[in-house]
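Subject: Handover of a structure and its findings

Dear colleague,

Please find below the structure that I am handing over to you. I would be grateful if you could look through it alongside the notes that come after it.

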Amino acid sequence: MPSSSNQMAGKTMIAVSYGAYGGGAAALKHVEVQVPLPKKDEVLLKLEAASLNPVDWKTQKGNLWPLFPLRFPFIPVTDVAGEVIDVGSAVKNFKIGDKVVSMLNFMKGGGLAEYAVASSTLTVHRPPEVSPAEGAGLPIAASTALQALKSAGAKFDGTSKPLNILITAASGGVGHYAVQLAKLANLNVTATCGARNMELVKSLGADEVLDYKSSDGEMLQSPSGKKYDAVIQCAAGVEWSVFEANLSENGKVVVVTPNPMTFVKYALKRLSFAKKAAVPMVLMPKEEDLRFLVGLVKEGKMKTVVDSKHLLSNAGDAWAKCIDGHATGKIVIEM
C-alpha cells in the first residue's frame, strides 16, 4: 500500500497567506499551494481547528522584525488541532489516525491551511473529551499562562504557598486560562476585565473581579485591601507606579507581552537590587506543558472559552476581530 506521503505528493490545498508586512485582515489572501510533506521528525496533520493569538497579527505588522524576519508569502498561525495523516521516518510516538494538538514552528507558521506539518516534539495526543476548538486554543495562550504563574511562584503539585495574584485582562486568551490555573494552584485571585465579562471571570474561579474602567479597576486595588505577591500582566498600557503601589514587599509583575522597554526596566531593577520588579515573560514551548494542559481539559479541570468560530473561508473576519483586541477567550478557525 503506498504511504500517504506518496499519496499527498503533488496534492494541493487551500491556505490563507500574506505577501508582505502590514495590511491587516485586508492583506490576507486565499491561495492554492502544495500540501507540505513531513521531514523525518515531523507529522503531517489534516487540520480541524486553529486558534489566533495577538502575536500572529503583530508578526504581520512587522513588530518582531528584524528579530524574526519572515519569508513571504507566509501562512500564519501556530496553534492547531487535527489528525495525523502521515509520519516522518524517525517518528515513533504517533501513527496515522491519531488526533492531536500541536504548536507549529513559529518561523514557518502554516496553521491557516487545510494541512500542516508539525514537529513531533511539540505535538501531543488529543483525547476524545477535548474538542478540536478546545485543543487548538491551548498551545500559546495556556502555556503562557502556565509559565507565567510558575514564574510567579505557583506550583501544581499541591505545595503552593497561599499567594495573592492579580490577573489583568482576565477574560482574554491568556487571562482566562491564568484564572483557572491559578485556582488549581490554590492561589487567591483578583482579576480585572470589562463589565460584560465579570460574571464569566467569577465563574472561572476568580475570588475578586474588578471592572477595569471603575476607579478601583483603574488603580488595580483589591476590594479586600490585599497586596499582590505577583501580577500576571496581560493588559497593555498600565504604568509601573500603579502596580508598585499594590505589590507586597517582594511582589513582581510578570509581563506576558513584553516590549523592549520591559527588558530595559527589568535590567535596571536588577542592578538596583529592587525587591519589586517587572519580569518579562518569554514563552518557552514545552511538550510536557502542552500534555499537562490537554490533560486538565480532558479531566474537566480547565476549559477553553471560545469567543467565536470562523470558517477558513472567513479567516479575515477572525483576523480583524483578533486585531480589535476585545475577544472573550479564544478566536477559533475551523477547517
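This is a predicted model: local features need pLDDT of at least 70, side-chain atom pairs count only at pLDDT 80 or more; totals for chains, interfaces and linings use all residues.

Residues are numbered from 1 along each chain as its sequence is written, and side-chain values use heavy atoms, with hydrogens and water left out.

I begin with strand β9. Helices (H or I, at least four residues) and strands (E, at least two) are DSSP runs, numbered from the N terminus. Strand β9 covers residues 188-193, and five of its six residues are buried, so the rest of the structure largely encloses it. Buried here means under 20% relative accessible area, exposed over 50%, and partly exposed in between (1.4 Å probe, protein chains only).

Strand β9 pairs in the parallel sense with β8 (residues 164-167) over four bridges, and likewise in the parallel sense with β10 (residues 208-211) over four bridges. Two strands pair if DSSP finds at least two bridges between them. Asn188 in β9 is the bridge partner of Asn164, and Glu208 in β10 is that of Thr190.

Turning to the cysteines, zero disulfides (pairs of cysteine sulfur atoms within 2.5 Å) were found in the whole structure. The sulfur of Cys193 has its closest cysteine sulfur in Cys234, 12 Å away, which is too far for a bond. Cys193 counts as buried because its relative accessibility is 2%.

Lastly, Lys330 lies in strand β15 (residues 330-334). Lys330 is buried but has no salt bridge, with the nearest side chain of opposite charge, Asp79, 4.9 Å away. A salt bridge requires a side-chain nitrogen of Lys or Arg within 4 Å of a carboxyl oxygen of Asp or Glu. A polar atom of the Lys330 side chain is, however, 3.0 Å from the backbone oxygen of Leu52. Ser51, in strand β3 (residues 42-51), is buried at 0% relative accessibility, and a polar atom of its side chain lies 2.8 Å from the backbone oxygen of Ala136.

Technical notes. Lys and Arg count as positive and Asp and Glu as negative; His and the chain ends are not counted. A polar contact is a pair of N or O atoms within 3.5 Å; within protein, one must be able to donate a hydrogen and the other to accept it, and residues adjacent in sequence count only if both atoms are side-chain atoms.
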